[in-house]
Amino acid sequence: MQTAVLTDSLEFEFEERERPDPGPEEVLVAIESVGICGSDVHYYRHGRIGEYVVEAPLVLGHESAGEVIAVGEHVTEHDPGDCVTLEPGVPCRRCKYCKRGEYNLCPEVTFMATPPDDGAFAEYLAWPADFAYTLPETVSTRAGALCEPLSVGIQACRRGSVGVGDSVLVSGGGPIGLLAMAAARAAGTSEILLSDVVDRKLEFAAERGADRVVDAREEDLAETVATATDGHGVDTVIEASGAPSAIRSSVEVVRRGGDVVLIGLPGDGEIPIDVLDIIDNELDIHGSFRYANTYPAAIALLESGAIDVEGVIDFEAGLSEVEDAFGRAMDEETVKGMIAIGD
Ligand SMILES: [Zn+2]
Ligand SMILES: [Zn+2]
(Lines give C-alpha, C1' and ligand atoms only; values in the text may rest on other atoms or scores of the structure.)
(Ligands and ions follow the chains in the order given, each with its own letter.)
Protein backbone atom coordinates (compact mmCIF):
# COMPACT_ATOMS: atom_id res chain seq x y z
CA MET A 1 0.00 0.00 0.00
CA GLN A 2 1.13 3.55 -0.63
CA THR A 3 2.20 5.65 2.34
CA ALA A 4 3.37 9.24 2.49
CA VAL A 5 6.23 9.50 4.96
CA LEU A 6 7.80 12.62 6.40
CA THR A 7 11.53 11.89 6.18
CA ASP A 8 12.92 15.29 7.02
CA SER A 9 11.62 18.84 7.47
CA LEU A 10 9.77 19.85 4.31
CA GLU A 11 10.27 16.44 2.73
CA PHE A 12 7.77 13.71 2.03
CA GLU A 13 8.64 10.40 0.42
CA PHE A 14 6.29 7.76 -0.84
CA GLU A 15 6.87 4.32 0.53
CA GLU A 16 5.32 1.08 -0.52
CA ARG A 17 4.47 -0.66 2.75
CA GLU A 18 2.87 -3.96 3.55
CA ARG A 19 -0.87 -3.70 4.13
CA PRO A 20 -1.47 -4.38 7.84
CA ASP A 21 -3.57 -7.28 9.08
CA PRO A 22 -6.16 -6.45 11.72
CA GLY A 23 -5.42 -7.91 15.16
CA PRO A 24 -8.21 -9.82 16.95
CA GLU A 25 -9.65 -6.60 18.43
CA GLU A 26 -9.00 -4.40 15.40
CA VAL A 27 -10.66 -3.28 12.20
CA LEU A 28 -8.82 -2.84 8.92
CA VAL A 29 -9.85 0.45 7.35
CA ALA A 30 -9.34 1.66 3.77
CA ILE A 31 -8.63 5.31 4.52
CA GLU A 32 -10.61 7.73 2.35
CA SER A 33 -10.22 11.14 3.89
CA VAL A 34 -7.61 12.76 6.16
CA GLY A 35 -7.54 16.35 7.37
CA ILE A 36 -4.31 18.32 7.44
CA CYS A 37 -3.96 19.65 10.98
CA GLY A 38 -1.84 22.52 12.25
CA SER A 39 0.26 19.99 14.14
CA ASP A 40 0.98 18.06 10.90
CA VAL A 41 2.10 21.29 9.29
CA HIS A 42 4.25 22.07 12.32
CA TYR A 43 6.04 18.69 12.09
CA TYR A 44 6.44 19.23 8.34
CA ARG A 45 8.03 22.63 8.83
CA HIS A 46 10.09 22.15 11.96
CA GLY A 47 10.46 18.41 12.44
CA ARG A 48 9.29 18.68 16.04
CA ILE A 49 6.65 20.02 18.42
CA GLY A 50 8.23 20.79 21.76
CA GLU A 51 9.55 17.54 23.18
CA TYR A 52 8.10 15.41 20.35
CA VAL A 53 10.84 15.14 17.75
CA VAL A 54 10.62 13.38 14.38
CA GLU A 55 13.67 11.12 14.63
CA ALA A 56 12.58 8.36 12.27
CA PRO A 57 10.39 8.66 9.16
CA LEU A 58 6.87 9.48 10.33
CA VAL A 59 3.46 9.07 8.72
CA LEU A 60 1.48 12.23 9.45
CA GLY A 61 -2.31 12.68 9.63
CA HIS A 62 -4.61 12.04 12.58
CA GLU A 63 -8.00 13.27 11.34
CA SER A 64 -9.15 10.25 9.39
CA ALA A 65 -12.12 8.24 8.20
CA GLY A 66 -12.67 5.42 5.75
CA GLU A 67 -14.36 2.13 5.09
CA VAL A 68 -13.96 -1.04 7.13
CA ILE A 69 -12.79 -3.83 4.84
CA ALA A 70 -12.00 -6.55 7.39
CA VAL A 71 -12.50 -7.13 11.10
CA GLY A 72 -10.52 -9.12 13.67
CA GLU A 73 -11.99 -12.29 15.13
CA HIS A 74 -13.24 -10.70 18.37
CA VAL A 75 -14.83 -7.64 16.74
CA THR A 76 -18.60 -7.58 16.95
CA GLU A 77 -19.44 -3.88 16.65
CA HIS A 78 -18.26 -3.37 13.06
CA ASP A 79 -18.76 -5.11 9.74
CA PRO A 80 -16.97 -4.76 6.43
CA GLY A 81 -18.64 -1.99 4.47
CA ASP A 82 -19.18 0.26 7.51
CA CYS A 83 -17.79 3.75 7.17
CA VAL A 84 -15.96 4.79 10.31
CA THR A 85 -14.04 7.69 11.77
CA LEU A 86 -10.94 6.82 13.78
CA GLU A 87 -10.21 8.37 17.13
CA PRO A 88 -6.44 8.85 16.89
CA GLY A 89 -5.44 8.52 20.56
CA VAL A 90 -5.57 5.05 22.03
CA PRO A 91 -4.99 4.94 25.79
CA CYS A 92 -3.85 2.01 27.96
CA ARG A 93 -7.36 1.48 29.38
CA ARG A 94 -5.85 0.43 32.75
CA CYS A 95 -4.28 3.45 34.47
CA LYS A 96 -5.83 5.77 37.03
CA TYR A 97 -6.81 8.31 34.34
CA CYS A 98 -8.31 5.74 32.02
CA LYS A 99 -10.35 4.39 34.92
CA ARG A 100 -11.59 7.89 35.72
CA GLY A 101 -12.75 8.27 32.12
CA GLU A 102 -10.15 10.98 31.53
CA TYR A 103 -8.33 8.82 29.04
CA ASN A 104 -6.94 11.84 27.17
CA LEU A 105 -4.61 12.19 30.18
CA CYS A 106 -3.36 8.59 30.01
CA PRO A 107 0.45 8.69 30.17
CA GLU A 108 0.63 5.58 27.99
CA VAL A 109 -1.55 6.92 25.17
CA THR A 110 -0.38 6.34 21.63
CA PHE A 111 -1.52 9.04 19.25
CA MET A 112 -1.47 8.99 15.45
CA ALA A 113 1.24 11.10 13.87
CA THR A 114 2.98 11.88 17.14
CA PRO A 115 6.50 10.47 17.17
CA PRO A 116 7.11 7.56 17.26
CA ASP A 117 3.55 6.59 16.25
CA ASP A 118 2.49 6.71 12.63
CA GLY A 119 -0.65 8.41 11.36
CA ALA A 120 -3.15 8.06 8.57
CA PHE A 121 -1.60 9.27 5.30
CA ALA A 122 -1.69 5.67 4.11
CA GLU A 123 -4.08 3.53 2.13
CA TYR A 124 -4.91 1.19 5.01
CA LEU A 125 -4.81 1.31 8.76
CA ALA A 126 -5.51 -1.40 11.33
CA TRP A 127 -7.12 0.25 14.37
CA PRO A 128 -8.69 -0.83 17.67
CA ALA A 129 -12.38 -1.46 16.96
CA ASP A 130 -13.52 0.53 20.00
CA PHE A 131 -11.72 3.63 18.73
CA ALA A 132 -13.46 3.35 15.36
CA TYR A 133 -16.95 4.90 15.29
CA THR A 134 -19.56 4.06 12.69
CA LEU A 135 -20.70 6.99 10.59
CA PRO A 136 -24.37 7.26 9.67
CA GLU A 137 -25.05 7.10 5.94
CA THR A 138 -25.78 10.81 5.81
CA VAL A 139 -22.33 11.72 7.13
CA SER A 140 -19.52 11.58 4.56
CA THR A 141 -16.04 10.34 5.40
CA ARG A 142 -14.80 13.90 4.72
CA ALA A 143 -17.04 15.15 7.48
CA GLY A 144 -16.27 12.09 9.60
CA ALA A 145 -12.54 12.81 9.49
CA LEU A 146 -13.28 16.24 10.94
CA CYS A 147 -14.83 14.71 14.06
CA GLU A 148 -11.26 15.04 15.34
CA PRO A 149 -10.92 18.84 15.35
CA LEU A 150 -14.61 19.09 16.24
CA SER A 151 -13.84 16.94 19.27
CA VAL A 152 -11.24 19.47 20.37
CA GLY A 153 -13.96 22.13 20.19
CA ILE A 154 -16.46 20.00 22.10
CA GLN A 155 -13.93 19.25 24.82
CA ALA A 156 -13.16 22.98 25.15
CA CYS A 157 -16.87 23.78 25.54
CA ARG A 158 -17.28 21.08 28.15
CA ARG A 159 -14.20 22.27 30.05
CA GLY A 160 -15.56 25.82 30.04
CA SER A 161 -19.10 24.74 31.06
CA VAL A 162 -20.52 26.47 27.98
CA GLY A 163 -24.29 26.30 28.18
CA VAL A 164 -27.66 27.62 27.16
CA GLY A 165 -27.90 31.39 26.99
CA ASP A 166 -24.20 31.96 27.61
CA SER A 167 -21.94 34.48 25.93
CA VAL A 168 -18.64 33.19 24.60
CA LEU A 169 -15.54 34.76 23.14
CA VAL A 170 -13.61 32.48 20.82
CA SER A 171 -10.13 33.82 20.31
CA GLY A 172 -8.67 32.58 17.00
CA GLY A 173 -10.54 31.75 13.80
CA GLY A 174 -8.62 28.70 12.58
CA PRO A 175 -10.32 25.31 12.31
CA ILE A 176 -10.24 24.72 16.06
CA GLY A 177 -11.68 28.16 16.84
CA LEU A 178 -14.37 27.78 14.19
CA LEU A 179 -15.36 24.31 15.34
CA ALA A 180 -15.30 25.37 19.00
CA MET A 181 -17.64 28.16 17.93
CA ALA A 182 -19.90 25.64 16.20
CA ALA A 183 -19.92 23.42 19.29
CA ALA A 184 -20.69 26.42 21.50
CA ARG A 185 -23.58 27.35 19.23
CA ALA A 186 -24.90 23.80 19.37
CA ALA A 187 -24.70 24.00 23.18
CA GLY A 188 -27.21 26.87 23.09
CA THR A 189 -25.10 29.98 23.53
CA SER A 190 -26.83 33.25 22.75
CA GLU A 191 -23.88 35.47 21.88
CA ILE A 192 -20.61 34.44 20.27
CA LEU A 193 -17.76 36.82 19.55
CA LEU A 194 -14.75 35.66 17.57
CA SER A 195 -11.46 37.51 17.34
CA ASP A 196 -8.62 37.07 14.88
CA VAL A 197 -6.06 39.12 12.97
CA VAL A 198 -6.58 37.77 9.43
CA ASP A 199 -9.29 39.37 7.29
CA ARG A 200 -10.35 36.19 5.57
CA LYS A 201 -10.74 34.36 8.88
CA LEU A 202 -12.88 37.14 10.30
CA GLU A 203 -15.10 37.15 7.21
CA PHE A 204 -15.37 33.40 7.33
CA ALA A 205 -16.29 33.40 11.03
CA ALA A 206 -19.01 35.96 10.34
CA GLU A 207 -20.34 33.80 7.50
CA ARG A 208 -20.35 30.80 9.81
CA GLY A 209 -22.50 32.56 12.35
CA ALA A 210 -20.38 34.56 14.78
CA ASP A 211 -22.61 37.30 16.20
CA ARG A 212 -19.70 39.70 16.22
CA VAL A 213 -16.17 39.43 14.86
CA VAL A 214 -13.34 41.43 16.37
CA ASP A 215 -10.28 42.46 14.40
CA ALA A 216 -7.71 42.33 17.20
CA ARG A 217 -5.28 44.45 15.15
CA GLU A 218 -7.59 47.43 15.13
CA GLU A 219 -10.20 47.09 17.82
CA ASP A 220 -9.78 47.11 21.57
CA LEU A 221 -10.97 43.64 22.49
CA ALA A 222 -11.82 44.53 26.09
CA GLU A 223 -13.94 47.46 24.93
CA THR A 224 -15.81 45.46 22.30
CA VAL A 225 -16.51 42.65 24.75
CA ALA A 226 -17.68 45.13 27.39
CA THR A 227 -20.06 46.76 24.92
CA ALA A 228 -21.47 43.39 23.88
CA THR A 229 -22.03 42.21 27.44
CA ASP A 230 -23.27 45.30 29.31
CA GLY A 231 -19.86 45.73 30.84
CA HIS A 232 -19.80 42.30 32.51
CA GLY A 233 -17.52 40.32 30.21
CA VAL A 234 -18.29 37.00 28.54
CA ASP A 235 -19.25 33.89 30.47
CA THR A 236 -16.51 31.86 28.83
CA VAL A 237 -13.40 32.58 26.78
CA ILE A 238 -12.11 29.82 24.53
CA GLU A 239 -8.55 30.79 23.66
CA ALA A 240 -7.61 28.97 20.46
CA SER A 241 -5.03 31.33 18.97
CA GLY A 242 -2.03 30.71 21.19
CA ALA A 243 -1.08 34.39 20.81
CA PRO A 244 0.46 35.59 24.10
CA SER A 245 -1.47 38.89 23.99
CA ALA A 246 -4.75 37.02 23.49
CA ILE A 247 -3.97 34.64 26.35
CA ARG A 248 -3.22 37.59 28.62
CA SER A 249 -6.37 39.46 27.71
CA SER A 250 -8.60 36.41 28.18
CA VAL A 251 -8.59 36.97 31.94
CA GLU A 252 -9.61 40.60 31.38
CA VAL A 253 -12.57 40.00 29.10
CA VAL A 254 -14.21 37.15 30.99
CA ARG A 255 -16.90 38.05 33.52
CA ARG A 256 -16.37 37.69 37.26
CA GLY A 257 -16.78 34.01 38.09
CA GLY A 258 -16.38 33.05 34.44
CA ASP A 259 -14.33 30.36 32.72
CA VAL A 260 -11.24 30.62 30.55
CA VAL A 261 -10.29 27.61 28.46
CA LEU A 262 -6.81 27.49 26.97
CA ILE A 263 -6.26 25.33 23.88
CA GLY A 264 -4.05 27.46 21.59
CA LEU A 265 -0.37 26.62 22.04
CA PRO A 266 1.94 29.63 22.43
CA GLY A 267 5.52 29.36 21.18
CA ASP A 268 6.78 29.96 24.69
CA GLY A 269 4.68 28.64 27.56
CA GLU A 270 5.61 31.35 30.06
CA ILE A 271 3.20 34.24 29.80
CA PRO A 272 2.74 36.79 32.59
CA ILE A 273 -0.86 36.93 33.82
CA ASP A 274 -2.25 39.05 36.64
CA VAL A 275 -3.01 36.49 39.34
CA LEU A 276 -4.91 39.06 41.40
CA ASP A 277 -7.42 39.30 38.56
CA ILE A 278 -7.94 35.57 38.77
CA ILE A 279 -8.38 35.55 42.56
CA ASP A 280 -10.47 38.70 42.94
CA ASN A 281 -12.77 37.72 40.11
CA GLU A 282 -12.89 34.06 41.07
CA LEU A 283 -12.00 32.91 37.58
CA ASP A 284 -11.77 29.29 36.54
CA ILE A 285 -8.85 28.71 34.19
CA HIS A 286 -8.82 25.38 32.39
CA GLY A 287 -6.32 23.67 30.16
CA SER A 288 -7.95 21.54 27.51
CA PHE A 289 -5.91 18.66 26.10
CA ARG A 290 -7.23 16.75 23.12
CA TYR A 291 -10.56 15.16 24.21
CA ALA A 292 -12.23 12.16 25.78
CA ASN A 293 -15.66 10.69 25.08
CA THR A 294 -16.43 13.26 22.39
CA TYR A 295 -16.69 11.19 19.20
CA PRO A 296 -20.27 9.97 19.77
CA ALA A 297 -21.34 13.58 20.42
CA ALA A 298 -19.47 14.83 17.35
CA ILE A 299 -21.15 12.24 15.13
CA ALA A 300 -24.58 13.00 16.59
CA LEU A 301 -24.08 16.73 15.92
CA LEU A 302 -23.13 16.02 12.31
CA GLU A 303 -26.01 13.61 11.80
CA SER A 304 -28.59 16.05 13.16
CA GLY A 305 -27.21 18.83 10.98
CA ALA A 306 -26.53 20.99 14.06
CA ILE A 307 -22.95 21.41 12.90
CA ASP A 308 -21.55 21.67 9.38
CA VAL A 309 -17.89 20.71 9.34
CA GLU A 310 -17.38 20.38 5.60
CA GLY A 311 -17.88 24.13 5.30
CA VAL A 312 -14.45 24.76 6.82
CA ILE A 313 -12.68 22.83 4.03
CA ASP A 314 -10.74 25.02 1.60
CA PHE A 315 -9.35 22.35 -0.69
CA GLU A 316 -8.89 18.65 -1.19
CA ALA A 317 -5.88 16.98 -2.81
CA GLY A 318 -4.82 13.40 -3.54
CA LEU A 319 -2.19 11.55 -1.52
CA SER A 320 0.33 11.93 -4.36
CA GLU A 321 -0.05 15.73 -4.08
CA VAL A 322 0.63 15.78 -0.36
CA GLU A 323 3.68 18.04 -0.58
CA ASP A 324 1.82 20.63 -2.61
CA ALA A 325 -1.15 20.37 -0.23
CA PHE A 326 1.09 21.09 2.76
CA GLY A 327 2.45 24.12 0.91
CA ARG A 328 -1.11 25.41 0.59
CA ALA A 329 -1.93 24.52 4.19
CA MET A 330 0.91 26.79 5.35
CA ASP A 331 -0.85 29.86 3.93
CA GLU A 332 -2.31 31.84 6.84
CA GLU A 333 -5.58 32.25 4.94
CA THR A 334 -6.12 28.51 4.60
CA VAL A 335 -8.49 27.09 7.18
CA LYS A 336 -8.56 23.37 6.37
CA GLY A 337 -7.04 21.20 3.68
CA MET A 338 -7.97 17.56 3.17
CA ILE A 339 -6.18 14.62 1.59
CA ALA A 340 -8.36 12.16 -0.31
CA ILE A 341 -7.04 8.60 -0.51
CA GLY A 342 -8.20 5.75 -2.73
CA ASP A 343 -10.80 6.26 -5.44
ZN1 LIG B 1 -5.91 17.82 14.57
ZN1 LIG C 1 -4.29 4.81 30.72
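**Strand β19 and its neighbours**

Strand β3 (residues 26–36) and β19 run antiparallel and are joined by four bridges; strands are taken as DSSP E runs of at least two residues, helices as H or I runs of at least four, both numbered from the N terminus, and two strands pair if DSSP finds at least two bridges between them. In this pairing, Ser33 sits opposite Ala340 of β19. The model is a predicted one, in which local features need pLDDT of at least 70 and side-chain atom pairs count only at pLDDT 80 or more, while totals for chains, interfaces and linings use all residues. Residues are numbered from 1 along each chain as its sequence is written, with chains lettered from A and ligands numbered from 1 in the order in which they are written.

Strand β19 also pairs with β18 (residues 313–318), here in parallel and through five bridges. Ala317 stands opposite Ile339 of β19. How many of the five residues of β19 are buried? Four are, so this strand (residues 336–340) is largely enclosed by the rest of the structure; buried means that 20 or more other C-beta atoms, placed from the backbone, lie within 10 Å of the residue's own.

Now for the wider setting. The chain holds eleven helices and 19 strands. Of its 343 residues, 48% count as buried. Its C-alpha trace spans about 60 × 40 × 35 Å along the principal axes.

Methods. Buried ≥ 20, exposed ≤ 12 C-beta atoms within 10 Å, placed from the backbone.
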